[in-house]
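Let's take a friendly walk through a protein fold. Have a look at the sequence and the structure here, and then read on.

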Amino acid sequence: MSHDVTFIPGDGTGPELAEATRRVLEATGVSFTWDRREAGVDEYEANGNPFPDETLDSIRRTGVGIKGPTTTPVGSGFRSVNVLLRKELDLYACIRPCKAYEGVRTRFPETDIVIVRENTEDLYAGIEFERGTPENAELRGALEKLGAKVRDDAGISIKPISVFGSERIVRAAFDYAKANGRRKVTAGHKANIMKFSDGLFLEVARRVAEEYPEVEFEDRIIDNLCNQLVSRPEEYDVIVLPNLYGDIVSDLGAGMIGGLGLAPGGNIGTDAAMFEATHGSAPKYKGQNRVNPTALMLSGVLMLRHLREDGAADRLEGAIAGVIRKGERVTYDLKPTRDDPTAVGTSQFADAVIEEMNA
Ligand code: NAD
C-alpha cells in the first residue's frame with residue numbers, strides 16, 4: 001500500500017532538507033505518493049500568498065504531511081505559516097523527542113526526553129491588546145472595575161488555559177508514553193504563581209494521570225524543571241508543557257542533544273499530522289548544500305511511526321544513528337570544529353544514511 005503524504009519543501013534551506021528526507025524515506029522501501037505543495041516566503045513572493053488554499057486542502061485530504069521550514073518575516077509581511085497550519089488543522093500536540101545520539105558532542109549524553117507541547121492556547125493564543133489603543137484602554141477599564149490595576153502604558157497579552165486544552169494535551173502525552181514504552185510523564189508549570197491558568201493545567205494533569213496507572217506521573221515547577229534537566233537529564237522521560245514553556249524547553253532540549261540540526265518534531269491533531277524539524281529555515285545557508293538534514297529525517301521517522309511503519313522507522317533511525325556514531329560523513333555542525341574540511345553536505349549525508357540502511 002502506498003501512503004498519500006503532503007510534501008511541503010518550504011523555503012530557505014527547506015527544499016534541500018526536504019529533498020534529502022524524501023530520498024531516505026523512499027529508501028526504507030515504504031511506498032509514498034507525494035502530493036507536493038508550496039508554502040513560505042518564495043510562494044509569497046511568486047503568488048502573493050504564503051499559504052495557498054491548495055496546500056491546506058491537500059493536508060486535509062491526506063491527513064499527513066512532512067514540511068521543510070518556512071521563513072516568517074519579522075515585524076511585517078505575513079503571519080507565520082506554521083501558526084496558520086496549526087490553527088487551521090487544530091494540530092494541538094507538538095511532540096519533540098530530544099535524544100542524544102552516540103557520537104554527538106554534548107555535555108548531556110544521557111538525554112532521552114520527549115517534550116509534548118500544547119500548541120493552541122496560553123500566551124500564543126494571539127489575544128493581545130496594543131499599548132495606546134482604545135481596546136487596550138477598554139480592557140484596562142474593565143480590569144480596574146474588577147480590582148486589577150494595570151499601568152496606562154502597558155501592552156497586554158492574555159494567557160488562556162482551558163480544561164479542554166489541558167485534558168487533550170496531557171492525554172496525548174500519556175498516550176505517547178504508553179505507545180512508545182515510556183515510563184514516566186512529568187508536567188511542567190508555574191502553578192504557584194499563575195494559580196488559575198497553570199494551576200488549572202496541573203489540576204487537570206493530575207486527574208488525567210489517574211487514568212494511566214501504568215505510567216508514573218510527577219510535576220515540576222518550570223524553573224526547577226529547567227535546572228534539573230541540565231543537572232540530571234537521565235531522570236526525565238516524557239514532559240508535558242503548556243505552549244510557552246514547551247516552546248522554550250524544546251530549544252533547551254535541542255541544545256542538550258547537540259543542536260537544532262538534530263531536533264525533530266510532529267504537530268498532531270485529531271484529523272491531521274504535520275511533521276517538521278524544530279529549527280527554522282536558516283536562510284543564510286540557503287542553496288549551499290550545507291545544513292544538517294537529521295532533524296527533518298528524524299521527523300520522517302516520527303511520521304513513519306504515525307503511519308504504523310515501525311519497522312521502516314527503526315531502520316531509518318538506526319541508519320541515521322549509525323552515520324552519526326561513525327562521525328565521518330556528517331555535516332559541519334557534527335564535526336569537532338565548524339570549519340572541518342571533512343564535513344559533507346546535506347545531500348551527501350542522505351547518501352551516507354541510505355548506504356548505512358542498505359549495509
Ligand atoms: P533557524 O533555526 O533557522 O537558524 C538558527 C541557526 O541555527 C542557523 O543560523 C544555524 O546556525 C543553526 N541551524 C538551524 N538549522 C540547522 C540545521 N538543519 N543544520 C545546521 N545548523 C542549523 O532560526 P532563525 O534564524 O531564528 O529563523 C529563521 C527563520 O525560520 C525565521 O523566519 C523563523 O520565523 C523561521 N522558523 C521557522 C520554523 C518552521 O518552519 N517550523 C521554526 C522556527 C523558525
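This is a predicted model: local features need pLDDT of at least 70, side-chain atom pairs count only at pLDDT 80 or more; totals for chains, interfaces and linings use all residues.

In which sense do strand 1 and strand 2 pair, parallel or antiparallel? Strand 1 (residues 2-8) and strand 2 (residues 31-36) pair in the parallel sense, over 6 bridges. Strands here are DSSP runs of E with at least two residues, helices are runs of H or I with at least four, and both are numbered from the N terminus. Two strands count as paired if DSSP finds at least two bridges between them.

Residues are numbered from 1 along each chain as its sequence is written, and side-chain values use heavy atoms, leaving out hydrogens and water.

Zoom out, and you find 10 strands in an open sheet with mixed pairing, in the order 2-1-3-12-11-4-5-10-8-9. Strand 2 and strand 9 (216-221) are the edges, each pairing on one side only. Elsewhere in the sheet, strand 11 (residues 266-268) and strand 12 (residues 273-275) pair in the antiparallel sense over 3 bridges. Asn 267 has Met 274 of strand 12 as its bridge partner.

## Inside the core

Now for the nonpolar cores: sets of buried (under 20% relative accessible area, 1.4 Å probe, protein chains only) Ala, Val, Leu, Ile, Met, Phe, Trp, Tyr and Cys residues joined through side-chain atoms within 4.5 Å. The largest has 86 residues, and Val 240, Met 303, Leu 316 and Val 353 have the most contacts inside it. Helix 11 (residues 310-326) gives this core its largest share, 8 residues. A second, separate core of 11 residues includes Ile 8 and Met 274.

Key. Buried means under 20% relative accessible area, exposed over 50%, partly exposed in between (1.4 Å probe, protein chains only).
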